[in-house]
Protein chains: 2
Amino acid sequence: MSLQAPKDMAEERAAADFSIDKLSRFWAGGDEQYERREKAYAYIKTDPELVVQPPRNILEFTRDEWREFSMGQIFRIAQIAMKEGRDWAYDVGIATNVYSESFSMRFFVHDSLFRNVVKMLGNKEQQAQWLDDVENFRVYGCFAMTELGHSSALRDIETVATYDQATDEFVIDSPTVTSTKWWIGGSGQTSTHAVVISQTVIHGKHRGHNWFVVQLRDKFNGELMPGIRIGDIGKKVGHDGVDNGWIQFRGVRVPRSQMLQKWVTLDRHGNYTPAPNPAVMYATLIPERLSLITVTTQMIGQAITIATRYGVVRRQGNKNQQIMDYQSHYAEILPAISFMYMVKSAASTLDHQFDILTGGGEMDPMDYLNHMGDMHAISACLKGLTGWYSSEILETCRRACGGHAYSAYNGIGQIIGDWGVMTTGGGDNVVLLQQTARILIFRLTQKLEMDEYPELKFKSSTHYLLRAKEYLATPHWAVRDVKAVTKDLKLMEDALFAILLNSIREAMNNGKTLNDVLLDAVRAGEMHCAAFLYSDAVEKFGNAQPAPGVDPSVHSIMQRMTILWGMKALLRYSDQGFKENFLSAEQVKSLEELFIETCKGLRKQVIGLTDSFGFPDFVLKAPIAKYDGDIYQPYLETLLQAPNSVGKTPYFDKYIKPLTERVAPK
Amino acid sequence: MSLQAPKDMAEERAAADFSIDKLSRFWAGGDEQYERREKAYAYIKTDPELVVQPPRNILEFTRDEWREFSMGQIFRIAQIAMKEGRDWAYDVGIATNVYSESFSMRFFVHDSLFRNVVKMLGNKEQQAQWLDDVENFRVYGCFAMTELGHSSALRDIETVATYDQATDEFVIDSPTVTSTKWWIGGSGQTSTHAVVISQTVIHGKHRGHNWFVVQLRDKFNGELMPGIRIGDIGKKVGHDGVDNGWIQFRGVRVPRSQMLQKWVTLDRHGNYTPAPNPAVMYATLIPERLSLITVTTQMIGQAITIATRYGVVRRQGNKNQQIMDYQSHYAEILPAISFMYMVKSAASTLDHQFDILTGGGEMDPMDYLNHMGDMHAISACLKGLTGWYSSEILETCRRACGGHAYSAYNGIGQIIGDWGVMTTGGGDNVVLLQQTARILIFRLTQKLEMDEYPELKFKSSTHYLLRAKEYLATPHWAVRDVKAVTKDLKLMEDALFAILLNSIREAMNNGKTLNDVLLDAVRAGEMHCAAFLYSDAVEKFGNAQPAPGVDPSVHSIMQRMTILWGMKALLRYSDQGFKENFLSAEQVKSLEELFIETCKGLRKQVIGLTDSFGFPDFVLKAPIAKYDGDIYQPYLETLLQAPNSVGKTPYFDKYIKPLTERVAPK
């Protein structure tokens, strides 16, 4: 029995009909990235300040242990940066991100959120004043936007900064309990400074939102600055290694020079020039959302790897077969794997677009504004679809491990806890998806009513709306050969999407409010993203021949992943196709059959496909997901290493003995 | 602002168009039950051994604190039982169950699982030997079925008990690591005894499974008995108050008299008489599954109450409106509420059926066997549907609270963690739902091919299959008036179900295996349960006049809940109706519109409907769900009471100061 599992694993690995090594390097972004990543994993694996060493288990940590350990990781990375250079520290940091999402988030709020606000919204002097300190951790920053009463709905934030011309300072206040800054990552125990978004009042006039750099703590003794009130947000569902906090301001004075003034200016006399467009003040949210792609493949990829490895070594049922052989397993896990490849592949496209927009460096505000609709549409729905579909994938992975996912030591519980943030933080998904739908409906209307379409510097995610009239003219899909699937599928999805969108548009033209069609609009936003992922991958992998430099076996498996995703996406929204009279029952049934057949045909590729994500055992942490398939004894040993797992029950004398020592009355 | 929330709450409460008091009493099961429950809540609220008193917060407990506190609760209940009588202890226990699912589960493994095995499978002498000790906590029991390698697939369990005639004992062994008993609730730190299911070998012959009472720990000093190896299972995703454990047996000797012998017998010479039907050995699993109904309304009802109360006091968006007014909110929350009422209502039907089966007391084995197919079918799919749909509801509730569900202090995270067990423990849902489908296909085949149907002592959940031929003869549903919905809906669901089932049956007749149609079969199992809940409620609330003793306003709101559930159920499976060419796009669209309209019409009833669940604030624990709607200041105060939430960062000198005290090089 205990020999069967490793044997199963070896056979599954050998069954890959592509080069796992080649696909791993492709996934990593090339040979150089692959080698650097492997070197970094090898380095952190035995470093006790970056990775918790056995017999201690990070999955058992209390809140206090988590908080301290993740700050220790940051301290260690800072040491490496100073002693061994920033490039190596970067590689080590990336590896540590994958090992711990808490570290990743805690580092990110300083290194990305805080730094990007100073960089994108501060003028040259302000950048010179702050950035070197930020990059060398002499200042540790946080991003204070969300408030208790209205989350991140900027219109409704209540924090107020009032200009005092007499002293040339702003006075910042939290006038109500609901104005308390809430969830601010890094503020609970760490940050010396925050960028704070606040209503601005100058000479009694409300001048909209501005960002202020506010010192929170003394850099030498860690005490709170005058007028600052801070508490740790306490116990959360996940992310125990992030010191989210709440902040209240009581007449906190900051010099005028700490209002960020790249787009706005305020002179000594209180003359205020607003930003050319208020949207530039929130531009930092776009790269934040795009960075979610990385987080998704890191976290969800791990859960899928765990469920997949367990699925091929676990045997159960009448024929004692590998549980991965059950339809309920492979037809759920395989589309999830394909989603990872789609998301990873789209990342390079979107990074490229973002590079064009920022000229590889800073973003031009006019370019940004011109492209904002498009970048906002795709980044918002990407967060929506990846947030929600990934939640489903996590639940699939959890169930696929049966009871063993309920053990904290098998990692999936931790991932689910950490992932929760992605569906409600950084913009609620319902709100984001309806924003995407709203932009798309606007574009569709432009195209249909005025035959207009904006000129962009790259191929927009909405380019298929250019053919909207053609799609709307053929409302029933005439299937040709479902098996020659790639091209058909793409047309089907694009057309269905245009029809669905148009149907929402018509309902709104006929007097319905967005709230009346909210659930449909949200699904349209999701579907836009699903279709974008597919069409982007079709461009890369839809041809018979691989692109230059791509290994043929990699091209071939990526093509199969693409087709699988195309089918999954269309099936996922087939109810909309049905409701729009676009798809017939027979079409959906034949597509479903083809989908199951395709999954079945890929069944033996699951280990190769997930090995290529490249997560080492110490990163996955789960004994049931060991690379070599020898899972049961190590699982038992993990339990034996847990604190208070064996020996006499501590409260036996207090609560148990008084009951059990009694003798029954005769 | 801080005055708006309580005002909103009061207005929502006043808007109920039924008597909240009457519905609360109806939900509780009548006036007497209502009064007893309220008395018990009032009692436990201030008892520090049953309910954690502020400023401590149970939602912040470590594993060790949870383990000890929940044993303290059991100890306290035992004291009450001995000093103040079992009836009062029972009421207090029920209230404590609602307060803590960990307590509920830990008590249940002893008081139900262990006790029921002894009672249902032990002979008179064995019952006399054990039951009084069990009921008075002189023996604390656990239920040792699941094993590491094959969970609860009984065929594959590896623990073996070998009869040694020389000493008239059994020798119990765990021959492999995979045979380790795993997840055994109560075994980690508490149990003195276990009922252990084991392969049985007598005189070298394998004689199937038997249950043994095995002593695990000394009752006076808590030490493990010879040959017993036990460890606590450690950190889990939830249920930290339950000491799940693992157990290995190394030549453990138990007297023959501890093999439970109600259905089997073994004499001193090793003559073995097997059970009349092996199924009687697992009969205890049926009431276990039915008990899930109670757990569902307890746990999911709390999450819905939290999300609902927050939903009416939180304001957000362009018009700063109550978030409950958004379609994405009310169209998800209301069907979830109706599901609670359906499940609660079905409980009385199933309890009544179970009473018939057990004559109000012990179950006759022949009656049991005759009815087993039916009871198994409904109990299995009930676990499947409630497990999965409730998971969806929890995710809905979590998202409906935005970021604030991510705070552990708002309770939903704890409920989600605890609930996880319901989808993978006690029989995997995929397995259970396909078992239901298999039984139903068998019944359908009987009916169609032989016009046979079993005679049962009660109206079976499968009674609609009696009309299968009629349904199959009208494969397209001719909608009459969707608005006169109750009767139409029921026929639609019954017919669709018969058609779906027949379609699976035909696929299998044409050579497909169950695995080839597994996903459809699983959905058929789910749908059977959804339709059963609906048809059961239609019988109770479908008439114009209320049943005797039911308040008219209660009857009216229950009728609306019933219709809402009927629509939700049909929409949930409408993709199957579409694939079977049973439902047209127009039918689905008009049903969907009617569904949204019905939800909208019930929008203002949400507070009355959830108030009637009767959860006090101290049970819900969540500051964002306070009964009076005054949520923000108490939420902040909850954080202030958390350990280490304010004051200097403990690791400031170690990790932060060395970075921030440095001065930038000039």
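Predicted model: local features only at pLDDT ≥ 70, side-chain atom pairs only at ≥ 80, totals over all residues.
Local features need pLDDT of at least 70, side-chain atom pairs count only at pLDDT 80 or more, and totals for chains, interfaces and linings use all residues. Residues are numbered from 1 along each chain as its sequence is written, chains are lettered from A in the order in which they are written, and side-chain values use heavy atoms, with hydrogens and water left out.

**View 1. Two domains of chain A.** Chain A is split into domain 1 (140–278) and domain 2 (429–608). The bounds come from an automatic or database domain assignment. Between the C-alpha centres of the two domains the separation is 42 Å.

**View 2. Two UniProt annotations on chain A.** An unreviewed UniProt entry gives "domain: Acyl-CoA oxidase/dehydrogenase middle" for residues 142–252 of chain A. This stretch is 0% helix and 44% strand, and its end C-alpha atoms are 17 Å apart. The unreviewed entry also lists "domain: Acyl-CoA oxidase C-terminal" for residues 503–660 of chain A. There the chain is 66% helix and 0% strand, with end C-alpha atoms 70 Å apart. Helices (H or I, at least four residues) and strands (E, at least two) are DSSP runs, numbered from the N terminus. UniProt positions are given in the numbering used here, feature names are shortened, and annotations may be inferred rather than shown by experiment.

**View 3. The contact between chains A and B.** Chain B brings 134 residues to the contact, and chain A brings 134 residues. Contact means heavy atoms within 4.5 Å. The buried area is about 11200 Å², with 56% from carbon and sulfur atoms. This area is the accessible area (1.4 Å probe) that two parts lose on being put together, summed over both. The two chains share 74 residue pairs in polar contact, both residues at pLDDT 80 or more. A polar contact is a pair of N or O atoms within 3.5 Å; within protein, one must be able to donate a hydrogen and the other to accept it, and residues adjacent in sequence count only if both atoms are side-chain atoms. On the side of chain B that touches chain A, helix α4 (residues 63–84) of chain B gives the most, with 10 residues.

**View 4. Salt bridges across and within chains.** A salt bridge is a side-chain nitrogen of Lys or Arg within 4 Å of a carboxyl oxygen of Asp or Glu. Nine salt bridges link chain B and chain A. One pairs A:R63 with B:E60, the closest N and O atoms being 2.8 Å apart. Within chain A, A:R25 and A:D21 form a salt bridge at 3.2 Å, N to O. Both lie in helix α2 (residues 20–28) of chain A, four residues apart, about one turn of the helix. Over all chains, the count is 102 salt bridges.

**View 5. Backbone exceptions.** Most residues other than glycine have a negative phi, and most peptide bonds are trans. A:P54 and A:P55 are joined by a cis peptide bond, with omega about 10°. A:P55 sits in the loop between α3 (31–45) and α4 (63–84) of chain A. In chain B, the bond from B:P54 to B:P55 is cis, with omega near 5°. B:P55 is in the loop between α3 (31–45) and α4 of chain B. B:W183 has a positive phi, near 75°, and lies in strand β4 (residues 181–184) of chain B.
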